[in-house]
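Here is a friendly note to read alongside the model. Please keep the viewer open as you go through the points.

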Amino acid sequence: MDRRTARSRVTRSAAALTAGASALLACSGVAPVGTGAAAAAPQQPQVVPASAGQTLISGMSAPISTSACLSRIKVRCYSPLQYRTAYNLNALYRSGITGSGRTIVIVDSYGSPTIQRDLNVFDKQWGLPGTTVDVVTWGKLPAWNPKDSNQTGWAGETTLDVEYAHAVAPGARIVLVETAVNENEGTSGLPQMMDAEKYLIDHGVGDVISQSFGATENTFPGFGKKGAPSLTSLRYAFTDAQRHGVTVLGAAGDAGAASETVSGGLYKYPANSWPSSDPLVTSVGGTQLTLNNAGARTAPDTTWNDGYGAGGGGWSYVFARPSYQNGVARIVGDHRGTPDISMTAAVNGGAWVYSSYLPGQGWGIVGGTSEATPIFSGIVALADQKAGHRLGLINPELYAMGADHAADDGIVDVTTGNNGYGGVKGNPAAKGYDLATGWGTIDGPQFVDALAAHSH
């Protein structure tokens with residue numbers, strides 16, 4: 001989870017965020033959203049640096065409605081129940097498709113010391129069935145240090161990943177892998193993550209792996225005309241996943257088509273991030289939803305690009321076009337293009353999360369493709385259950401479904417917006433496949449049915 005790609009970027013000034021947060025202080029006595037028990041009036045929120053996905057506000061004692069967020073902090077905020085409605089998932093749950101019998105593996109450096117307690121609070125608030133998170137530690141984890149920004153950043157990422165994978169696939173088993181080395185740009189931390197993934201795959205643990213982290217391709221040693229051998233040498237977990245029929249997902253990033261350099265943190269040119277750019281990984285980009293308090297759309301989805309970040313997407317400079325993208329060669333050229341599919345990621349339309357790994361925390365609003373990826377991992381778990389088996393690499397089926405243009409395939413085209421960011425020109429959304437949102441987004445029941453039927 002580097003500081004430049006699939007996690008952590010708030011681009012508005014602290015003053016602008018503080019002004020929005022100040023408006024929130026007038027909301028004393030606001031009742032919590034959802035089905036949980038009544039809570040105390042919201043406390044003074046803290047405007048915090050981004051540390052998981054795109055954190056906007058933290059420290060509230062209760063979530064509030066979308067309309068209240070709009071009036072008080074000028075952004076939309078959504079609950080998992082609203083997402084369930086927006087993607088029409090309730091029909092699947094009523095038919096018994098909950099991800100039961102399937103396992104989602106979530107990989108994060110360090111993890112969170114309070115993940116089970118926080119998930120319990122999250123589930124109670126929204127009336128979700130509880131579950132026990134199975135934690136696997138890989139290596140000797142450092143002692144919890146709340147002053148270590150890397151540890152707290154990963155704790156936030158872990159919270160987001162676990163809560164929203166569970167919210168979408170409430171019947172699935174959640175296995176959280178906590179690795180002991182911080183993932184950052186280049187190869188730092190990635191060998192440990194890949195070793196852990198391969199071990200679990202080899203031991204039959206996991207049907208879908210959710211990865212809300214990434215490092216830009218150009219930061220890998222040896223990057224150049226011949227690709228990046230230090231990157232391609234790390235693919236062993238993904239080739240292993242392909243052999244065992246495990247689906248692997250990767251967040252497309254939060255800087256649109258842009259990349260940051262290691263020195264200076266400046267956006268300079270279009271780039272892509274790995275593992276999202278890997279042909280053996282399904283790249284999950286970002287959309288922006290416009291929902292009312294009940295979760296019904298009041299406008300079509302658009303490309304995430306809201307001033308806080310933008311959905312990642314563009315050409316890989318390491319991987320050639322895979323065969324499943326031959327049908328979109330006019331768009332991707334000779335390169336692997338990303339993303340493949342997109343889900344909600346906007347900060348203006350961020351998700352309510354609950355965390356307590358730091359004093360004074362509580363409910364907060366988070367966005368980013370770090371949100372979209374665990375949400376889509378839940379969708380894959382639902383399709384696994386529907387099919388009665390693991391789906392493995394879904395990209396060939398996904399592209400076949402997109403090319404069919406069949407309404408009952410559940411792919412919903414996103415045709416507006418672009419993912420330009422940081423002064424780097426982005427890619428426009430368009431009819432069909434594009435480098436802003438991939439094939440677009442989904443309608444849950446139709447997509448799950450079609451994916452399960454297409455896969456074999």
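Are D340 and R336 buried or exposed? Both D340 and R336 are buried, where buried means under 20% relative accessible area, exposed means over 50%, and partly exposed is in between (1.4 Å probe, protein chains only).

A word on the ground rules before the points. This is a predicted model, in which local features need pLDDT of at least 70 and side-chain atom pairs count only at pLDDT 80 or more, while totals for chains, interfaces and linings use all residues. Residues are numbered from 1 along each chain as its sequence is written, and side-chain values use heavy atoms, with hydrogens and water left out.

1. **Salt bridges.** D340 and R336 also form a salt bridge, with the closest N and O atoms 2.7 Å apart. The term stands for a side-chain nitrogen of Lys or Arg within 4 Å of a carboxyl oxygen of Asp or Glu, and the structure holds 10 of them. Salt bridges that share partners also join R102, D207 and R390 into one network.

2. **A bridge between two strands.** R173 and D134 form a salt bridge whose closest N and O atoms are 2.6 Å apart. This pair links distant parts of the chain, since R173 is in strand β5 (residues 173-179) and D134 is in strand β4 (residues 134-138), 39 residues apart. Helices (H or I, at least four residues) and strands (E, at least two) are DSSP runs, numbered from the N terminus. R173 counts as partly exposed at 39% relative accessibility, and D134 is partly exposed with a relative accessible area of 28%.

3. **A bridge within a helix.** The side chains of K198 and D202 meet in a salt bridge of 2.7 Å, N to O. Because K198 and D202 are four residues apart in helix α7 (residues 190-202), about one helical turn separates them. An α-helix has 3.6 residues a turn, so residues three or four places apart point the same way. K198 is partly exposed, with a relative accessible area of 27%, and D202 is partly exposed as well, at 36%.

4. **The nonpolar cores.** A nonpolar core is a set of buried Ala, Val, Leu, Ile, Met, Phe, Trp, Tyr and Cys residues joined through side-chain atoms within 4.5 Å. The largest one has 80 residues, and Y164, W352, F376, I379 and L382 touch the most other members. Helix α11 (residues 369-387) gives the most to this core, with eight residues. A second, separate core of 31 residues includes V107, V177, I201 and A241.

5. **Helix α13.** Among the residues of helix α13 (residues 444-454), G444, P445, F447, V448, A450, L451 and A452 are buried. Their cover includes α4 (90-94), α11, α12 (395-404), β19 (411-412) and β20 (441-442).

6. **Aromatic pairs.** Rings of Phe, Tyr and Trp (its six-membered ring) pair if their centres lie within 6.5 Å; planes under 30 degrees apart count as stacked, over 60 as edge-to-face and the rest as tilted. By this rule the count comes to 16 aromatic pairs. One of them is the edge-to-face pair of F220 and W274, at 6.1 Å centre to centre and 90° between the planes. F220 lies in the loop between β7 (215-216) and α8 (229-232) and W274 in strand β11 (residues 273-274), so the pair ties together parts that are 54 residues apart in sequence. F220 is buried at 2% relative accessible area, and W274 is buried at 0%. Ring pairs also link Y78, Y83, F122, W126, Y164, Y354 and W363 into a cluster.

7. **S356 and its partners.** S356 is found in the loop between β17 (350-354) and β18 (363-367). Its side chain makes polar contacts with the side chains of R117 (3.2 Å) and D118 (2.5 Å). A polar contact is a pair of N or O atoms within 3.5 Å; within protein, one must be able to donate a hydrogen and the other to accept it, and residues adjacent in sequence count only if both atoms are side-chain atoms.

8. **Q288.** Q288 lies in strand β12 (residues 282-291) and counts as buried, at 14% relative accessibility. A polar atom of the Q288 side chain lies 3.0 Å from the backbone oxygen of N348. Not counting residues up to four places away in sequence, Q288 touches D301, T302, T303, W304, D306, A346 and N348, where contact means heavy atoms within 4.5 Å.
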